[in-house]
Amino acid sequence: MLADSLVRRLNLKNGIFNLKSRSLSVNDDEVEEIEVEEGFEPVEEPYRPPAYPYRELGETDVRLLRIVPGKGTIECLLHQMPLAEVRFFYALSYVWGDATRRETIMLEGRPFSITRNLYEALHQFRQRPYDIGYPEDYFWVDAICINQDDLDERARQVPRMMDIYHASAVVIWLGHPRTRPADSLSKKLISRVRSSQPQISPDEAVETLFKKATSMWDEWEPVDDDENVIIEEEFGDAYAAVVHEMSSILNRPWFDRVWTIQEACLEASPLVYLGHHSVRLSHLIDIWTILSREHRFLLLCPGSWRMACINKINKIWRHSRFDGDEDPKKMKMAEVLATLQKVTGRKNSTDPRDQVYGLLGLLRHLRGEEELPEDLMPNYRLSYDHVYWNYSAFLLQSTGDMDLLNCSHNELRHVPSWVADFRYAYGPKVRMQGQQLIISSDKRVLHVQGYVLGTFRDVLNGCIANEIWPTKKEVPSGLSARLREVEDRIIKPAVAIREVTMVEVFEDITGDMTKVIDEDGDESYHQVYRRLIESAGGRRPWYAKKRVTNIRLKEESIATRFSLPFLLLRDGSILSFNREDTEVITSDLLCVFKGARVPYLLRVSGQSYRFLGHCETLSGPLRQQKFDADFWAEREVQEFQLI
């Protein structure tokens, strides 16, 4: 295990030193005083010439940064050396932040512009000279250690990123504790657990959270003998503030960036910094697991998706260390990459090409030294449309997994309709066995086998959720109108066709909401729905403004769900369409492809078809249908040419 890798590396580097520290501020006048163990001597190093202005980076070379102690303007040194010769260094995992908010540091005596978020990180680590960022410690920081203006150098460094991070002690910078509230949904849910005691500050809440996370299981247990969660008792009056701060942490941009995935995976055991407070990422994940059991709304935060993602990738990594059936080295390269795409889900990147390039380091570590096909090698001179085209063709032809095409949007131009827009891709989190797909030599036509399930009895396209969103003061008239339209055109006909009740169909449509918002409360989901549909809209009466948060959240959940497009089949099955940028027409075809687990929409285009996206079956006979071998044995398979 590498849980204490940072401590071991520090011991190997210079011997153990003692820290007698107090909390730090970013104020230069409040630098802490630290006692250093007697007999400490800095390591002697050979002279290294400045590496800035940049010179060509050798295949095995790396540039490393040193923060010069002091106050005022941040000054740094930059050295270049073979990675194998570096005894110890930190690799900083962070997000660039707003590119328009910039600060200037001095790099080898020359002005160098960086984003505000990186500036704050360097400032914080300069404040801790004998803890992290000791004057002779090196840092690897991508914005400085890679020449961002050299596209070829950037492309060459992409496959090396994992080597760099796993040769280092990884430090995650989340920023400083802030009084900024969490997103509105989290804020409302957190209000349900607030105590009557005075609230502690965000800084105190972070300190309490990190200390309890570090000591959990060793000094205290979050569950009793019957597996009941008892974490609230441990935190006492600070509990509400701690839950709020956990939500705030999970909504920080670090958790949805593509590059931070590989920086935290494969047992890297990073140390997470929030201001001057720190905690092991593994400990933070442990306490998140417990808190999210009690407060399921935390699962809606981007950080929860990332926590689960890290756990799953580390599980794949553990399989690679044993000679088992799930060893990624025994899988096709495309299968491993497809699995990573699905597990990581939707993620953000400044450069759209990094949606795929940002996973190549993980792929290389999981698969070994196998080379990528030439047209998949990182190339920042290609447009991202072309990069996505190459990768979609490679993944589909190698795996046959059509679920890779699941996207909430597709904004690509001048490429076939079946090319995935990886910026908006999501899909099932399991590896699917697909069919043998054929792609034409010019990569323009995808040949796929499937079956037409039919056309639609009615189609009701979606609306903008924000326009029908209920507030504390009023219920928009558009919400009632939308609910009535869905009921009249979709729900009532389905009830008549299938001879079931309105409540049964409603519960099918809204069933997954209870995974986040409890059904308990003064009103059930169906009661809230009936009240909204019968409302004339407008301002709420004074007594209605005091309804509990649980009911408000049910109203908002219903508005969100019913803003989606609804499709009604002739057998009474109800589906939703998950592409938010495409309107469905009744002549569109509902199809299922061999090897896929969900139905898809196609649009006729001459003798061929355009791929629109996938559907989710909410209610009706189709919901019970399994697209297994028995299904295909009874169907006449058709070939579709997707353009």
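I count a charge as sitting over a ring if NZ of Lys or CZ of Arg is within 6 Å of the ring centre and within 35 degrees of the ring normal. With that rule I looked at R154, which lies over the face of Y380 at 4.3 Å from the ring centre. I then looked at K554, whose charged end sits over the ring of Y525, 5.5 Å from its centre.

Basis of these entries: I am working on a predicted model, in which local features need pLDDT of at least 70 and side-chain atom pairs count only at pLDDT 80 or more, while totals for chains, interfaces and linings use all residues. I number residues from 1 along each chain as its sequence is written, and I use heavy atoms for side-chain values, with hydrogens and water left out.

Entry on cysteines. I searched the whole structure for disulfides, taken as pairs of cysteine sulfur atoms within 2.5 Å, and the search found zero. C76 counts as buried at 2%, and C265 counts as buried at 0%.

Entry on aromatic rings. I pair rings of Phe, Tyr and Trp (its six-membered ring) if their centres lie within 6.5 Å, and I call planes under 30 degrees apart stacked, over 60 edge-to-face and the rest tilted. By this rule I count 26 aromatic pairs. One of them joins W220 and F235, with ring centres 6.1 Å apart and planes at 85 degrees, so the pair is edge-to-face. Helices here are DSSP runs (H or I, at least four residues), as are strands (E, at least two), numbered from the N terminus. W220 lies in the loop between α7 (202-215) and α8 (231-235) and F235 in helix α8, so the pair ties together parts that are 15 residues apart in sequence. W220 is buried at 6% relative accessibility, and F235 is buried at 7%.

I next looked up Y357 and Y391, an edge-to-face pair at 6.4 Å centre to centre with 65 degrees between the planes. This pair links distant parts of the chain, 34 residues apart, with Y357 in helix α14 (residues 354-357) and Y391 in helix α16 (residues 384-399). Both Y357 and Y391 are buried.

Lastly, I noted one aromatic cluster formed by F88, Y90, F125, F139, W173 and Y273.

Technical notes: Buried < 20%, exposed > 50% of the residue type's maximum accessible area, 1.4 Å probe, protein only.
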